[in-house]
Amino acid sequence: MNKDRLFENLVNKNNLEKAFDYLLVEIENSSLAIDPIWTPALQAIKKNRKTYFNALSELLINGYFQADKARYFKFPKDNLGIRPVAILSITDRIIYQAIFLKPVLGNVLKTKYTQPPCYTPNLSSETEKTYLEDWHQKWDDYINDQVKAYRDGYIYKVDLDVKSFFDNINHELIKDFLVKECNVNGTKVLEILMNLLSTWAHKPGFGVPQGPEASIFIASAFLSQLDDKGISLSSELEFRQFRYNDDICLMAKTPEVLHQLIEVLSNYLFDIFLELNGKTSFCLLDEGELLKLAKRRIYSPYGINEDSLYTVLNIENSIPDYLIKLRNNRQLEQYEVSALKYYLKGAKNRAYCTRFIDLLDKSHSLSLYICRYVQKFVDDASVYNYLCKTYSEKHLYSWSKFWVLKTLISSKHFQDKKNLESSKTLVLNGLNDKSWEIRSLCLYIAELFGFISDSSALISKLHKSADNIFEKSMTTYLLGSKNESGMMSDLLRSNCTDLQIIAFSALNKPDLSNLPNDLSPFSQYLLKINNTSTVSSSTSVIQHSLLDLVSECGAVHISLDTTKLSKELGLTWNQNNSGKLKRSKKIVHWVELNYSGELVMDSAYILSKPNIDSENECFISYVINRSGKNITKKDIENDQNIKITRSFNNILNDLGFKGEIKKLFFPITSAGEVRFFRKLKQIDVTSSSIDEKKLEKQLKKLRPF
């Protein structure tokens, strides 16, 4: 195998562009979106795509590439720990991604993914827009196979995870793994990878950045050595082994076997500078624990889909209990955390808005989920004002403040003329925040809304005092829109490729005679390529983003589309953010009124035959065509021209909706309101509190149709 071929594949412009396209999809679907921090570089690259990738290829070929130092956004954990989320330059992200595409190291590493025991998504097919396979499907398989193992008699279970896994992966051991286990050596690709990792490292010699999908791919491949260690014991011990990223599940028929496994795996991890988390407990599975496991599968962390509404409504009944636990600093069970996050993604009920906002200074790890939930209702004045008060009066971690501020900015009330002064004060105060992320966000918004009459001087001042490339990228981006050509020319001498492409983009068609002589190699490549081609637009780079929504640039008060603003700030969930989930769409239970006036379930069982023009008939005639909606007595009375004198529970009982059948089709009932679902899929049944054995007994007692 010609190892130099790997480097040739890496620097190929098509490979680099493919990496960028994957990166765009990944950022759009990210659950840790830090928009608009990456906006400046992304917009500049998009605007100058051909020139940029030609120049980047030359930079790599000639050996001038040098990685940029990473910054870390401290994502708080509820146990008072910190999860450092790496923020990398866009150029570094592109090269890092390109290294792990199939033509370079991708095809080599994907063979290390053996299923079982590894359920981490492997590389997707060439036709897919996403880099990795469907996360949702893999998560389903991971949980379902544990259920199968239980059915096969493996009733003892232990869940493990590697302590600070990404942060503690040793760089030399990654290199040894690639050389010895994957037969990758004698290539410049390894040098570039090691340069990236060592430059980004928070702890010298250790760490793979959390966030990029490329990190998940290499980290999981590296941990395949642990899978192999378990597989080697399968001839001596009877057990089942499952791994999803660094989450490990072991199942056996006796606890003694689990103890032996943990000892072997712990010793192996110690040898590669890793260790298991201390919070490890054995579980003797029963049907109750199995139900919790099934719920973890349904409450998938990887997006919501067309089946979500029914699932969300079932979770809603438990939300008050979850909120009480969190308010009293009691720990939720694993399946409850999954359910709560799932609910926050899909809920359309604003009833719990203020109670969730109250958790922002307590349950720090939920702040992103809470803000994306609250954002759906932040156009309500009471929600907006309560969130403003929380932001101003409570001590929030920087991560939470960042998200709360973005949520406030996305509201129509932020742009309302009567709130203009308070909005302006909120943003201008943020320019002095100790967090550079919040400073950058506020500077971007201040410029966007024209909150500073002469902003050039302030932006220049912040540019000079900025101590990282990301804050400098934002100031460069904003100064570029003001035709600060002198400063832009100066930045072409920078060592940072992101700053250079932003400055180059702002200059449009640069006058070569007015540029410094000591340009960096990347800038020289950009100018050389640009000199033989035509730049497609003379518009400054910032106008390709939010300012193209501004009705009048520089106005004291402008009006922006809040939906587009929310998307730009990374506040909206991608409803199916992990590819196409292969779920059965088959309807398993349904009800209908037939031509004889009979209420029939599943085209097989007669529930009842209400009398013509009775309250029962008027009720079912109204709700049957309003699946998924809240229905009140007043709604029925106005539509059917009848007075409903009996309770909904009595009407449902008469109609045959009793026991599990009632729970199935009417998951929410109260004295004055019900919610009805006419057609149900299997996931609806599984995610509910339905006892399927009891349901089956009920159906057997019904009169067949």
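A: Begin with confidence, since this model is predicted. In the protein chain, helix α5 (residues 90–99) has the highest confidence, at 98. Helix α29 (residues 562–568) has the lowest, at a mean of 71.

Q: Which residues have a pLDDT below 50, and how many contacts does that stretch have in the model?
A: Residues 534–558 fall below 50. This stretch still has 60 contacts in the model beyond near neighbours in sequence. Residues 575–584 also stay under 50. For them the model has 26 contacts beyond four places in sequence.

Q: What is the average pLDDT of the protein chain?
A: The average is 85. Of the residues, 88% score at least 70.

Q: Now the sheet. In what order do the strands lie?
A: Read across the sheet, strand by strand. Here 4 strands form an open sheet in the order β4-β5-β3-β6, with antiparallel pairing. The edge strands are β4 (239–244) and β6 (282–284), each of which pairs on one side only. From one strand to the next, the twist averages 20°.

Q: How many bridges does each pair of strands have?
A: Take the pairs in turn. β4 pairs with β5 (residues 247–252) over 6 bridges, in the antiparallel sense. β3 and β5 also run antiparallel and are joined by 6 bridges. The antiparallel pair β3 and β6 has 3 bridges.

Q: What should I know about side chains along a strand?
A: In a regular strand the side chains alternate between the two faces of the sheet.

Q: Is β4 largely enclosed or open, and why?
A: Count its buried residues. In β4, 5 of the 6 are buried, so the strand is largely enclosed by the rest of the structure.

Q: Which helix lies across these strands?
A: Helix α12 (residues 255–271) does. It lies across β3 (156–161), β4, β5 and β6, and runs at about 145° to β5.

Q: Why is α16 described as largely enclosed?
A: Because 10 of its 13 residues are buried, α16 is largely enclosed by the rest of the structure. Among the buried ones are Tyr-335, Glu-336, Tyr-342, Tyr-343 and Lys-345.

Q: Where is Ser-460, and what does it touch?
A: Ser-460 is in helix α24 (residues 455–465). At 16% relative accessibility, Ser-460 counts as buried, because the cut-off is under 20%. Leaving out residues up to four places away in sequence, Ser-460 touches Leu-479 and Met-487.

Q: Last, the cysteines. How many disulfides are there?
A: The count is 0. Take Cys-283: its sulfur is 9.6 Å from the closest cysteine sulfur, in Cys-249, which is too far for a bond. A pair needs its sulfur atoms within 2.5 Å. As for Cys-496, it counts as buried at 3% relative accessibility.

Note on methods:
Residues numbered from 1 in each chain as written. Predicted model: local features only at pLDDT ≥ 70, side-chain atom pairs only at ≥ 80, totals over all residues. Heavy atoms only, no water. pLDDT = per-residue confidence, 0-100. Helix = DSSP H or I, 4+ residues; strand = E, 2+ residues; numbered from the N terminus. Contact = heavy atoms within 4.5 Å. Buried < 20%, exposed > 50% of the residue type's maximum accessible area, 1.4 Å probe, protein only. Pairing = 2+ DSSP bridges. Axes fitted to C-alpha atoms, helices over the stretch in contact; angles between N-to-C directions.
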